[in-house]
Amino acid sequence: VVNVKASGFASSSATHIPQAPHHAAKAKRVIHIFLNGGLSHVDSFDPKPLLKKYEGKELPSAYETERKTGGGFPSRFKFNKHGESGIEVSELFPKVAECVDDMCIIRSMHTNIPAHGPSTLMMNCGNNQLARPSLGSWVTYGLGTENQNLPGFVTLCPGGFPTGGAPNWQSAFLPSPYQGSYIDSQHEDVEKLVKNIKSHYSSKEGQRQQLDLLTELNYLHQKKRQEDAALEARIQSFELAYRMQFEATDAFDVHDEPEHIKEMYGTSVQSRQMLIARRLLERGVRFVQLWHGPGQPWDSHDDVEVQHKRLSGQCDQGIAALLKDLKQRGMLDDTLVVCTGEFGRTPTVEIAEPGISVAKGNGRDHNHHGFTAWMAGGGVKGGHIHGATDDFGFKAVDKPVHVHDLHATILHLLGFDHEALTYRHAGRDFRLTDIHGHVVTDILT
């Protein structure tokens, strides 16, 4: 076992060797559910009954947003208490609400910018605009992977790329094997899910001979270039692609799951990718990220009631099934499940402005001042609420948690001091949290 040093460790050749973290870890692996576009917290996990009093009325000036919005807009969804903890969750997520006693709901999240691209990068890479390694890349850099035949970091997004595309799971200046492997999870056929997963032109033995020759030529080429890390990464990529043919087909094919498991997850694309995520974790993949779809599907500037109900209907059953399935298999204790968007939505109604094609008056604008994220398993308190937004749900006011704090806490649960997990690049040590971030100790078990 190799210990991670503050100045970085090893070369890209050590990518798949399991590593020892700085301290005893509560979590060994991560699933990040990304509701890209911005889930409305005041319609889901953060009830604000006072908004009813201000319906259609201007909120106090302290709650002005960057863009002009209209009057107060109370949620159209009913909130109910659930579980022994009595935590309120809206009817958008009735099945997820059944798991609330295993969930830690952070109602005081905030970030820097109310724009999809920068905020999505911040949530994934800890920076609004620069090319920095993603959270999944830092995790696999720190811990390695327990499976030599699958990537350590897999990102599933059905139908195409989210806003910002591949930089959201990039390795940036970390060695390239640490980047996420993108899978278009809209497909059920494994050969469409993972392109070129099978060769129709050569036997396994023939492929091995070809790869051995290619590797020998690449190493000869590498010796003349001072052990170039990028070339080493390419050699590894060829090797991993070959090894994936033995395990990827099994990992991504959910048809052999028992019928009661498939029924528990449901039949939607979201449900299937939740099930795939569990199968990947079982096979030693370290970090799995699940996007709702291309672009920003949760971006309900109009018709928030209709759109959020449609979207939650696609993922509610699958998310709940994932939590229950991990728990019944004894995996939830050391698996950290994180669910976020890039920001929240305003407690006021969206109104039209020049150049903005929204005018229905039944949607919500972006809100980076306050929103909700939740975590489950892996060392966080279940049935727990951390922090709060103000009476209207506009701004985090009690125990605010910045994205940097969330990242610091995730790394802590995985056994890392976020200030010491660094990589030397361009003459200085970089880390996921830059010069920021504090572990949110109140949510830890």
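Biologist: What makes you say that β7 and strand β16 (residues 384–386) pair?

Modeller: This is a predicted model, in which local features need pLDDT of at least 70 and side-chain atom pairs count only at pLDDT 80 or more, while totals for chains, interfaces and linings use all residues. Residues are numbered from 1 along each chain as its sequence is written, and side-chain values use heavy atoms, with hydrogens and water left out. Two strands pair if DSSP finds at least two bridges between them, and β7 and β16 share three, in the parallel sense, so they qualify as a pair. In one of these places, Ile105 has Ile385 of β16 as its bridge partner.

Biologist: How do you know that β7 and strand β19 (residues 401–402) are joined?

Modeller: Two bridges link these parallel strands, and because the definition asks for at least two, β19 also counts as paired with β7. Here Met109 stands opposite Val401.

Biologist: What joins β7 to strand β15 (residues 371–376), and which way do they run?

Modeller: Five bridges join them, and they run antiparallel, with Ile105 opposite Trp374 in β15.

Biologist: Why is strand β7 (residues 103–110) called mostly covered?

Modeller: A residue is buried when its relative accessible area is under 20% (exposed is over 50%, partly exposed in between, with a 1.4 Å probe and protein chains only). Seven of the eight residues of β7 are buried, so these seven fall under that 20% limit. Across the protein chain, 57% of the 445 residues count as buried.

Conventions. Helices (H or I, at least four residues) and strands (E, at least two) are DSSP runs, numbered from the N terminus.
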